[in-house]
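Please give a guided tour of this structure for someone who has it open in a viewer. At each stop, say what to select and what is there.

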Amino acid sequence: MVNGNLRKGHAVVLGAGTMGGGIAALLASIGWRVHLLDQGEIAHRALERLQQSGAFYQPHDATRITPGCVETDLDCVRDADWVVEAIIEQIEPKRALWRQVAERVNPNAVLSSNTSGLGIAEIAQALPEHLRKQFLGTHFFNPPRIMRLLELIPTEDTDPDLTVRFTTFAERLLGKRVVLAKDRPGFITTRIGVYAMMQALTSAIRHGITPEEADLLLGTLVGRPRSGVFRLTDLVGLDVADNIIRNQKERLPDDAYIQSLEPPALWHALIAQGRLGEKAGAGFYRREGKEIFTLDYATLDYRPRMEPNLPIDPNLSRAPIEERLPALLNLPDPYGAFMREAFLKPLAYGAAVMPEVAYDIPSLDMAMRLGYNWELGVFETWDALGEAGREALAQLDLPQEPAPLRALRNAGLKTFYATKGASRLYFEPRDDQGDYAPLMTPQFFVRLDDLARAGRVLDETPECRIIDLGDDVACLEFRTKANVLTPSLMEFMLAYLERAERMHVGVVLGNQGRMFSAGFNLNLFLDYIAREDWQGMERGLTLLQELSQRIRYCGVPVVAAVHGYALGGGLEVVLPCVHVHAHVDAGLGLPEASVGLIPAGGGTTLMTRRALQHLPPEADPLPHLRAPFLTLAYGKRSSNAFEAYTLGFLRERDTVCWNLDRLLYEAKQHVLALSRAGYRPPEPTPILATGTNGYSRLMMEVYWMHQAGQISDHDRLIAEKIAFVMTGGDLRDATPLPETHFHALERQVFLELCQTEKTVARIRHMLETGKPLRN
């Protein structure tokens, strides 16, 4: 029995391959006890592999997994809450294993088969009738810890209440977005995705489009991952893709689209030669050291990878997707012909099979977005294409016009999605007609753009938007590139937080971009340095420090909802928040040392305060300062939220969110809870400055780091400056001092470092390459 509110349970995972091991690691990471069973010693080796690959959020999560053997340890299913099978993608082996499970299993356990497309009802035939109501399909995506989509496939026998309870469990505790799919071969994602991959690959070879050209055309230009089609095929594995397409052709004899797919001769040749993609070291691409080589279709030899030279306007990549897509369909042939076949035909196929595989249009779109990291789903893409898509569709030789497209036209409508007042609508086909229906979204899946369309924007600038989350809670949303901080953005935040004390019960700092914030705009610092405008630079630092103070001492609770990266200045507006609700995969850090600087927006001061605020009387402060000092000196950042606790960026009272789509809703609940509890902001209190004694002891740490070759000469200088600030500067005796004293030291040291050549070189290198320079 699964419980959507309980982070304790017992799962048995049958099959310790890539998917089974990943599911086991995810369950162990949320706190479940897991038995991982396979043949012989396979499960033991799988656990070792999971530990080495960093599959767990915390190393001790692995201790919750007990590896074992199906032949000797299957009795562990007797007290399991969930038994999930993830063995070979073949019906008969799955059935045989479920027959064994049925003899032992707890009748209240959830039973599921993890498969990318086999018939769930067919597998369930191995179970007695009373267990079939507990059985459903679960299609996790690889890697299970990262990929957000879970296709859930109930059968006609599945208890509807079980489907509801398992959906709650998967969305709240496993962090998934659940899409209900119909029990048809390939479900939604495999059915459409594999067809799209094979159609694109076959079309590219037929039209002589090179792998580099095809991957560029079907990558970020069309709102898809950079891997495009050939690189994606190498990642999936040619043998895996071949098995899926053969299975689809066998199980879907009446599907004219699938039956028309015939992989080219070179496809079969590559498989016969063992060139199966990434796992085999060669496929359509081959890597030799740092060099990448590309398959030549004619010779099947590899040549050096070439940059594509396509007849595309260089500015097209920066245009809105509604402009990019029609332009790509109308490229001169062979590129235009390729795009119509490789991009448009799979969209037609997705529309054609929608009634067969999905319960509605939004479900299919969400499945394709989350399952394949597409910017737009199938029907969202048809809307973006507009009339150009319909004109190009007429040029294709299709078995028949997809029914939803025909129904939309017959209904006299132009788009599958529409907005009416505050409501978002989607088209619901009915026979050859149809009409719009309300798009119902659970309240805990907040979309800021939907709220904006509903007229919930309270204030707005080009860089920031204030959105009403309801219940008198506002969301302050960054909208700059990479959500970096700028002086004008900070000034707006300062002014709005003052108004928030009169207008709201609290504020959420959060957004739904790729990351919370990449920090301060480094280009501004280079500009200050080039003009030697040290006063201007100091004003910018003072502004960030004032913002940090305004957040910390605001009269209403300010809660940060952090996802992606929160780095540098981005983290410096998170640290002073009364509460931080961080997505489990959030990366938090103060990496200023990597660009030759120190955190000078209040970050060094706040890390010092946190280290010393609970210092027992007469205790030595240096052991408490050492860990945050090393964190800042090495410019560390966390790989996930749990590591952020270890590094001191999150406090014990801060919380972790497992579902990215619930992040803002849950952060709002923290605001409301604080407000209802009678929130009072903290009073300003001094921070202990340990003076020259503390500085000299931290400098011994720096000396040994340098002697061991762990830091360069410039790293050593930066570490000295951090120690200088954290210990309060040139003071003979330890004494409590106000935050303003430490803030002044932050600004002083920052300006000094900006006047060194090596810091300027680090900033430029980071801006040019995105990588740190250790000079």
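**Charges over rings**

Start by selecting R286 and F293: the charged end of R286 sits over the ring of F293, 5.9 Å from the ring centre. Bear in mind throughout that this is a predicted model. Then select R662 and F444, where R662 lies over the face of F444 at 4.4 Å from the ring centre.

**Strand β1**

Now select residues 10–14, which make up strand β1. All 5 of the 5 residues are buried, so β1 is largely enclosed by the rest of the structure. The cover extends to both faces: H10, V12 and L14 are buried on one side, and A11 and V13 on the other.

H10 stands opposite R33 in β2, and V13 stands opposite L36 in β2. With helix α1 (residues 18–30) shown as well, β1, α1 and β2 form a right-handed β-α-β unit.

**Helix α14**

Move to residues 321–329, helix α14, where I321, R324, L325, P326, L328 and L329 are buried. To see what these buried residues pack against, show α9 (211–217), α15 (335–357) and α17 (378–393).

**Aromatic pairs**

How many aromatic pairs does a search of the whole structure find? The count is 27. Select Y257 and Y349 from among them: the ring centres are 5.0 Å apart and the planes are at 50 degrees, so the pair is tilted. Y257 lies in helix α12 (residues 256–260) and Y349 in helix α15, so the pair ties together parts that are 92 residues apart in sequence. Buried means under 20% relative accessible area. Y257, at 6% relative accessibility, therefore counts as buried. Y349 is buried too, with a relative accessible area of 0%.

Go on to F642 and W658, a tilted aromatic pair with 6.2 Å centre to centre and 55 degrees between the planes. This pair links distant parts of the chain, 16 residues apart: F642 is in helix α26 (residues 641–646), and W658 is in the loop between β23 (655–657) and α27 (663–676). Both F642 and W658 are buried.

For the last stop, select W32, W82, F140, F166 and F169, which ring pairs link into a cluster.

Terms used: Residues are numbered from 1 along each chain as its sequence is written. This is a predicted model: local features need pLDDT of at least 70, side-chain atom pairs count only at pLDDT 80 or more; totals for chains, interfaces and linings use all residues. Side-chain values use heavy atoms; hydrogens and water are left out. Buried means under 20% relative accessible area, exposed over 50%, partly exposed in between (1.4 Å probe, protein chains only). Helices (H or I, at least four residues) and strands (E, at least two) are DSSP runs, numbered from the N terminus. Two strands pair if DSSP finds at least two bridges between them. A crossover is right-handed if, with the strands pointing away from the viewer, the path from the first strand over the helix to the second runs clockwise. Contact means heavy atoms within 4.5 Å. Rings of Phe, Tyr and Trp (its six-membered ring) pair if their centres lie within 6.5 Å; planes under 30 degrees apart count as stacked, over 60 as edge-to-face and the rest as tilted. A charge sits over a ring if NZ of Lys or CZ of Arg is within 6 Å of the ring centre and within 35 degrees of the ring normal.
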